[in-house]
Amino acid sequence: MKMHRLIGAAAIVAASISLTLVANAGTVSYQIVDDGIPKSLTGTAGNAQAGRKVAYNRKTGNCLACHKAPIPEQQFHGEIGPDLKGVASRYSEAELRLRIVDSKKTNSDTIMPAFYRDTGFTRLQKKWVGKSILKAQEVEDLLAYLMTLK
Amino acid sequence: MKMRQLLLALTFATTGTLAVTGLGLGLVIGQTTAAKAEGIRSGYSYATKETQGLQDDDMSNPGYLWVDTGEDLWSKAEGDAGKSCNDCHGDAAESMKKAGVSYPKYKDDIGKLQNIEQRINQCRTDNMKAKAWKWESSQLLGMTTYVRNQSRGLPVSVAVDGPAAPFFAKGEAFFNQRRGLLDMACKHCHEDNAGNKIRANVLSEGQINGFPVYRLKWGKVGSTHRRFRGCNKQVRAKPFKNGSDEYVNLELYVAWRGRGLGVETPAVRN
């Protein structure tokens, strides 16, 4: 599964060019290199404290639906995916960014949602059309938090 | 929250006790040997002891209020034909025994599947010349619960071959199709992760042998299609209408996944 997703990335870049006229619409383009996304989506460093909140907030990341994480004040942690403790020792920042943005790029059959994708859905509810689960800066904040989980 | 729901259920249970005395069907747990052999598990086996307890005892099972509603309607004449269900079908314990295990079924006259709610409503419109009951009305829920309760403990057994085959295939495809912004298919939760906790809830296999079920969260009995709609909406997908062809096809596939499970209607779930 270590493929350079040049074609995919090229398509995303092309799509973003045709979208540049629409202010704030859609997700920003990114490039997948090896098994990760090396460049920040926003260029603004993430805030780990804000990212921790994204991880447990049911309305945003809700990672705790499926993962355990060192967030003891939250009562219920799911057990569908691996424990996020120590995840930064297992993966690089670029690899983690790709797993949050679109984990189907590393496992096409995964239950884990793509948190930063806004197209390619079936029977999407109207209010979510053109939206991704997380905004670009939320992804970067979350990533800053995950990077503290050594 | 949990506490309040439990209290609510208990309140219902006390009222229910008065109404169901005399029914005394005893204890039936919906796990037949056939299903066990294939490792298929009812939602009952994933439920908490408290929830199981509510279901096990007919006197405290709040779903029996709906069984009683159905029983009352069974012998009530309605419509231009001046007939009741009882006039044609007689004792439901005999005449309805098989209906609860075998729907949805392929029907020649409509050239597609029909589920149990639709079959009941066909009797209303064609045989009684009465108005169809609305989906999720207390009448249709009551009658469906009553009819299916007659099959309690009998193994689910639906036909998926012959003319039903193409509809079954559509149901299977639906089950495996990712949907909504969360982009998940039924199978991701109910096949790949049955037994695992998703935040506070233990995922079951998503079986329908207990429907209509009394859900503590709903505070009432609800249909299979209401549950499908909820499971579609929680992944931020547009649900289909109750009684839609899509859901009836899906219902056949889901019923087949639970082949051999004993009917538990009215089951109790969180």
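How many residues of chain B are in contact with chain A, and how many of chain A with chain B? Taking contact to mean heavy atoms within 4.5 Å, 26 residues of chain B touch 28 residues of chain A.

Before I go on, please keep in mind that this is a predicted model, in which local features need pLDDT of at least 70 and side-chain atom pairs count only at pLDDT 80 or more, while totals for chains, interfaces and linings use all residues. Residues are numbered from 1 along each chain as its sequence is written, chains are lettered from A and ligands numbered from 1 in the order in which they are written, and side-chain values use heavy atoms, with hydrogens and water left out.

Let me stay with the interface. The two chains, B and A, bury about 2,500 Å² between them, with 53% of it on carbon and sulfur atoms; buried area here is the accessible area, for a 1.4 Å probe, that two parts lose on being put together, summed over both. Of the area that chain B buries against chain A, 37% comes from B:Leu181, B:Arg199 and B:Arg236, which is more than any other three residues supply.

In one salt bridge, the side chain of B:Asp183 meets that of A:Arg117 at 3.1 Å, N to O. On the side of chain B that touches chain A, the elements giving two or more residues are α11 (186–190) and β3 (197–198) of chain B, where helices (H or I, at least four residues) and strands (E, at least two) are DSSP runs numbered from the N terminus. The most comes from α11(B), with 3 residues.

In chain B, the bond joining B:Phe211 and B:Pro212 is cis, with omega about -10°, and B:Pro212 sits in the loop between β4 (201–202) and β5 (213–215) of chain B. The peptide bond from B:Thr265 to B:Pro266 is also cis, with omega near -5°, and B:Pro266 lies in the loop between α13 and β7 (268–269) of chain B. In chain A, A:Arg123, although not a glycine, has a positive phi of about 50°, and A:Arg123 belongs to the loop between α4 (93–102) and α5 (136–146) of chain A.

To finish, I come back to the contacts between the chains: 26 residues of chain B and 28 residues of chain A take part, and B:Asp183 with A:Arg117 is a salt bridge to look at on the screen.

Methods: A salt bridge is a side-chain nitrogen of Lys or Arg within 4 Å of a carboxyl oxygen of Asp or Glu.
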